[in-house]
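Please look over the sequence and the structure before reading on.

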Amino acid sequence: MDEIVVESKVSKTNIYYYFKSKDELLSAIVETLVQTYTGMIHDVISRKNLTVQERITTLLHLLTRQELECLGGCPFLTLYSQMPQDAHLLREKISRFFRDQVDLLEALLTEGIRSRQISAQLPARSTAQFIVSAVEGGLILQHVSQDPNVLENTLQFLAFLLK
């Protein structure tokens, strides 16, 4: 809380006026991140003027190009890995965010399969789970290896798989 006071230049009293505890503050941060990312994801998915492949590519670039200083490049992984094990409600919010990502990608892939833009051989649910896993794995692998090409290679391979 002291770091927040220094960075925000707001008194600790004011912070505790709005947030009664650290958990409440963390919950507000998680909720804001979820709303922000969910809004960006829905914006990309709703662009019907783009092909399904273009929307997926745009979405992947959006999720991997955020300029945030986070463990592994992902604010959700950072928060999840650093929050207490007993923070069940916060952990559930992050889990739900990732489940929603998979659901949205599955719906987009299903649209692509129905419109014959994507091979019907691809199982939509498993492919959506693989994409989310590959992006999150690529973010952390790029971070730990300090190799800026890891993520781009991951995204190019995902694009190749979806053709």
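The points below cover cavities, a pocket and a surface patch.

The model is predicted, so local features need pLDDT of at least 70 and side-chain atom pairs count only at pLDDT 80 or more, while totals for chains, interfaces and linings use all residues. Residues are numbered from 1 along each chain as its sequence is written, and side-chain values use heavy atoms, with hydrogens and water left out.

**Cavities**

- The model holds 2 cavities of 30 Å³ or more; a cavity is a set of points on a 1 Å grid over the protein atoms alone where a 1.4 Å probe fits but cannot get out, and lining residues have an atom within 4 Å of a point.
- The largest cavity contains about 70 Å³ of space, a volume being the space filled by probe spheres set on the points, which are joined across faces, edges and corners.
- Its lining has 11 residues, and those closest to the centre are Tyr37, Leu63, Cys74, Glu136 and Leu139.
- Helix 5 (75-82), helix 6 (88-114) and helix 7 (124-145) each supply at least two lining residues of the largest cavity, and helix 7 gives the most, with 3 residues; helices are DSSP runs (H or I, at least four residues) numbered from the N terminus.
- By class, the lining of the largest cavity has 8 nonpolar, 2 polar and 1 charged (nonpolar: Ala, Val, Leu, Ile, Met, Phe, Trp, Tyr, Cys and Pro; charged: Asp, Glu, Lys and Arg; polar: the others, Gly among them).
- The second largest cavity, of about 30 Å³, is lined by Ile41, Ile45, Leu59, Leu63, Gln101, Leu104 and Leu105.
- Helix 3 (22-45), helix 4 (52-64) and helix 6 each give two or more residues to this second lining, with the largest share, 3 residues, coming from helix 6.

**Pocket**

- The second largest pocket has about 270 Å³ of space; a pocket is an open set with protein on both sides within 12 Å along at least five of seven lines.
- Its lining consists of Met1, Glu3, Ile4, Glu7, Lys22, Leu25, Leu26 and Ile29.
- Helix 3 gives the most to this pocket lining, with 4 residues.

**Surface patch**

- Phe130, Phe157, Phe160 and Leu161 form a nonpolar patch of about 420 Å²; such a patch joins nonpolar side chains (Val, Leu, Ile, Met, Phe, Trp, Tyr) within 5 Å, from residues with over 30% relative accessible area and no salt bridge (a side-chain nitrogen of Lys or Arg within 4 Å of a carboxyl oxygen of Asp or Glu).
- Accessible areas come from the Shrake-Rupley method with a 1.4 Å probe, and for residues only the protein chains shown count as cover.
- Phe160 lies in helix 8 and counts as exposed (over 50% relative accessible area) because its relative accessibility is 58%.

Note on methods. Patches are made of residues with over 30% relative accessible area and no salt bridge: like charges are joined within 9 Å, nonpolar side chains (Val, Leu, Ile, Met, Phe, Trp, Tyr) within 5 Å. Buried means under 20% relative accessible area, exposed over 50%, partly exposed in between (1.4 Å probe, protein chains only).
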